[in-house]
Amino acid sequence: MAVRIPGINLDEYYAQLGPIQPLVMDDRVTEVMVNGIDHVYVEMGGKVVLTNIRFQSEEELVNVIQFIVRSVGRRIDERVPIADARLADGSRVNAVIRPLAVDGPSLTIRKFAKDPFQVEDLVRFGSCNEAGFGFLKACVLARANIIVSGGTGTGKTTFLNVLSGFIPVEDRIVTIEDAAELQLHQEHVVRLETRPKDINGEGEITIQRLVINSLRMRPERIVVGECRGGEALDMLQAMNTGHDGSMTTLHANSPRDALARLETLVLMAGVDLPVKAIRQQTASAINILCQLNRLRDGSRRVTSIAEVTGMEGETITMQEIFKFESQGADAQGKLQGEFVATGIRPQILDRMFAMGLPLPTEILALFPDPRMGNAWQRG
């Protein structure tokens, strides 16, 4: 069933999508990939398959792209042949036309979940277990700064949305995204979205500018959909100046790679900082790194939850709190494994105790609360 959005008739809207209308409306489809007029792929159940859907002409495909892009006040033409946009239901869209798309227009739609996934859904899918989410809930309540890292299509935005659900309802949250996708259920939320250049090459509003502006909006939490440029420096500075409990995602293949990637993004801000200073800022700002990976069977899993513990010389130190232990594949090729605690005591829980917060019940067996008279086990 289609989600009803005030002021928009989704049935009429979807009808403008031409041949791909049934794919966009099919809840089993998670991604639609159009490579020219006669190659339309979809992702279903983690597998990418070629459909028998075709566009009658390149003009028809361009018209669909133009409709999507213009409906959110953006543009795509020969002068600006690439665009990010979203459908009326929030699905993420990327479009590229000629001359950049050599073999014909390309349209990629990352489907918007009609009913946002909750913790229970991701546990059922095997993405993470209750203990892992219990620890992450404790981190959010303790106002830890969290980075969700992973490759393309690993579910970073979905996971960030779930983590955001742990934020207390009384906190004022500012979300910043290229295309508004996050679906927070709290009431006190301000959603900001970037704006590309206009036809005269002016008027661009970047994520970096929105992050800087958000600091003037009295946020208690800043949630950035993805850090991929100089805004990383502003995020670190915000995290180091009283905006604890902020979150973002970035592209990286491991927690250590995520720190290196963050360092590179800070350098993109154009500020002449020595590497050691950047690493000191990072070590004092970031508390938790949550790594997502897409495994060879198509499943998306949390493979590591690591905690930043400080600096040794010029190296940021970390300790792994949870990890995914692979146990091979079954007869159907589905990967088996277990998400387990490493036995190391997380430092972030000390902040919870200092704040007088109770530990989530899901992790009491792993990390006994010393205030309850239990012995504190050190890893």
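**Labels and the values behind them**

Q: How do you know that strands β1 and β2 pair, and in which sense do they run?

A: Strand β1 (residues 29-35) and strand β2 (residues 40-44) share 5 bridges in this predicted model. Pairing requires at least two bridges, so β1 and β2 count as paired, and the sense is antiparallel. V34 has V40 in β2 as its bridge partner. The hairpin of β1 and β2 has 4 residues between the strands, and G36 there takes a positive phi near 75°.

Q: What makes β2 and β3 a pair as well?

A: There are 4 bridges between β2 and strand β3 (residues 47-50), in the antiparallel sense. The requirement is at least two bridges, so the pair qualifies. M44 faces K47 in β3. This hairpin has 2 residues between its strands, and G45 in the turn has a positive phi of about 60°.

Q: What is the strand order of the open sheet of 9 strands?

A: The order is β9-β8-β10-β11-β7-β12-β13-β14-β15, and the pairing is mixed. The twist averages 25° from one strand to the next.

Q: Why are β9 and β15 called edge strands?

A: β9 (189-193) and β15 (335-341) each pair on one side only.

Q: How do you know that β8 pairs with β9?

A: Strand β8 (residues 173-177) is joined to β9 by 5 bridges, and the two run parallel. At least two bridges are needed, so β8 and β9 count as paired. In this pair I176 stands opposite L192 of β9.

Q: Which strands does helix α9 touch when it packs on the sheet?

A: Helix α9 (residues 255-267) touches β7 (146-150), β11 (247-251), β12 (288-294), β13 (300-312) and β14 (315-329). The direction of α9 makes about 135° with that of β14.

Q: Are C128 and C290 buried or exposed?

A: C128 has 4% relative accessibility and C290 has 0%. Buried means under 20%, so both cysteines are buried.

Q: Why is S304 called buried, and what does its side chain contact?

A: S304, in strand β13, has a relative accessible area of 5%. That is under 20%, so S304 is buried. The side chain of S304 makes a polar contact of 2.7 Å with the side chain of E320; the limit for such a contact is 3.5 Å. Not counting residues up to four places away in sequence, S304 touches several residues, among them P255, C290, F322 and F339.

Q: Why does D89 count as buried although it lies in a loop?

A: D89 is in the loop between β4 (82-86) and β5 (92-96). Its relative accessible area is 3%, under the 20% cut-off, so D89 is buried. The D89 side chain makes polar contacts with the side chains of Y14, at 2.8 Å, and S91, at 2.9 Å.

Q: What is the state of the peptide bond from R98 to P99?

A: The bond is cis, with omega near 10°. P99 lies in the loop between β5 and β6 (106-110). Most peptide bonds are trans.

Q: What is the phi of R143, and of R218?

A: R143, in the loop between α5 and β7, has a positive phi of about 60° and is not a glycine. R218 has a positive phi of about 50° and is not a glycine either. Most residues other than glycine have a negative phi.

Q: Is R218 buried or exposed?

A: R218 is found in the loop between α7 (207-214) and β10 (221-224). At 58% relative accessibility it is over the 50% cut-off, so R218 counts as exposed.

Terms used
Residues are numbered from 1 along each chain as its sequence is written. This is a predicted model: local features need pLDDT of at least 70, side-chain atom pairs count only at pLDDT 80 or more; totals for chains, interfaces and linings use all residues. Side-chain values use heavy atoms; hydrogens and water are left out. Axes are lines fitted to C-alpha atoms, for helices over the stretch in contact, and angles run from 0 to 180 degrees between N-to-C directions. Contact means heavy atoms within 4.5 Å. Buried means under 20% relative accessible area, exposed over 50%, partly exposed in between (1.4 Å probe, protein chains only). A polar contact is a pair of N or O atoms within 3.5 Å; within protein, one must be able to donate a hydrogen and the other to accept it, and residues adjacent in sequence count only if both atoms are side-chain atoms.
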